[in-house]
Amino acid sequence: MIFDAPNVSFILLCSSLVMLMTPGLAFFYGGLVSRKSIVTIMLQCFISMSWTAVLWFAVGYSLSFAPSSNGIIGDPFYYAFLNNISPETLYAGNQGGVPLLVHFVYQMMFAIITPALITGAFAHRVNFSAYMIFITLWTLLVYCPFVHMIWSPDGVFARWGVADFAGGIVVHATAGLAALASAIYVGKRMVNTRQDHNIPFVALGAGLLWFGWYGFNAGSEFQINTITVSAFVATDISAAFAAVVWLILDRAHSGTIKLSAFLTGAVAGLATITPAAGYVSIGSAALIGAIGSLVCYYSVLLVRRHIDDALDVFAVHGMGGIAGSILVGVFASLTWSQSGSVKPIDSGVMQVMKQTCAVLAAAGWSFVATLIILKLADTITPVKINKDIVGDDLDQQLLGESAYE
């Protein structure tokens, strides 16, 4: 077997970019919460870089990508602890001469950031021990099955023709609905006010997310070709259009121009283009970004009236991923086959139907499973933070350390 050095180098670089998104998310969320709980939410993000990697190494990758007969979940033992994987094993799902071990680590970075996205929904309200139980069960019971169903060649949705280029369904729809369910479960905060305590942190985090998203989307082609370039450019254009549209909408609604609004719009555009990045033209990417911004902005306004999703995870990531996944069926034009030739994919009414069914399945299961997992965690250790310490320095009370004196 001969490795393709440029492709291997590129995917390793993309893996590093996706890894950087999790610290970026920690800064993005950290700047948006109260100064008294920034360490807590940053720890919740950073711990996923360790614990989810352990789960992925032990059984997660096998559940996601091992062969299966049912198309729902992979054989948990086939790749467990990197069984059947050596440095010389090539990734069979790609003709780019990339080792399977590179595929393992690239997909691990996706697994790490997905549960971390959920943390913004229940900021200020969940105990760390309960959170650890939650991300363990959620990763294994929600994330891994949908990775298998949509991205594994054996998956039921993959065989049906559902298209998700980089995770609109697998990452954003599942995390978004988990965020909605968890926000409902833990209830409203005692002090339900938005406290953007450090806008420079928000800007730093958003910049790292935007930067890392190039690896998130362009790397999902898993080799260097024209689709890789198109996905890279589509990612940037969608974010740019979405940020501008969001800024205009927020200016009309609030009467002010805010940096945090601009950055949130960019993230909405990035989430919306994710499932479509490699399937659509650059012009379509601009339109998808604008549509995603409209959908996410008004979702934020609607959700805030009824549910305390602290950092708008469902409205931005969930609705962005859902909208982008359905729009694949509207705007899809070309994709790259494994043989290296360009071929059209099935866009149109049938593809929209397939995309919608997959979205509904992912959203429904993630929502229900999240509620069940939180209820189970509650029987082991309290999920909700003791209301008597909510008004105090949460970081000091829960972790024994604070970001500020």
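R125 and D308 form a salt bridge, with 3.6 Å between their closest N and O atoms; the term denotes a side-chain nitrogen of Lys or Arg within 4 Å of a carboxyl oxygen of Asp or Glu. This is a predicted model, in which local features need pLDDT of at least 70, side-chain atom pairs count only at pLDDT 80 or more, and totals for chains, interfaces and linings use all residues. Residues are numbered from 1 along each chain as its sequence is written, and side-chain values use heavy atoms, with hydrogens and water left out.

R125 lies in the loop between α3 (100–118) and α4 (128–151), and D308 in the loop between α10 (282–306) and α11 (313–331), so the pair ties together parts that are 183 residues apart in sequence. Helices are DSSP runs of H or I with at least four residues, numbered from the N terminus. Both R125 and D308 are buried, where buried means under 20% relative accessible area, exposed over 50%, and partly exposed in between (1.4 Å probe, protein chains only).

The structure holds three salt bridges, as tabulated here.

| Pair | Closest N to O distance |
|---|---|
| R125 and D308 | 3.6 Å |
| D312 and R304 | 2.6 Å |

D250 is buried at 9% relative accessibility, whereas K258 is partly exposed at 32%. Likewise, D312 is buried at 7%, while R304 is partly exposed at 49%.

Helix α9 covers residues 259–273. Its 15 residues reach 22 Å from first C-alpha to last, close to the expected 21 Å, a span defined as 1.5 Å times one less than the number of residues. Of the 15 residues of α9, 13 are buried.

Definitions and conventions:
Helix = DSSP H or I, 4+ residues; strand = E, 2+ residues; numbered from the N terminus.
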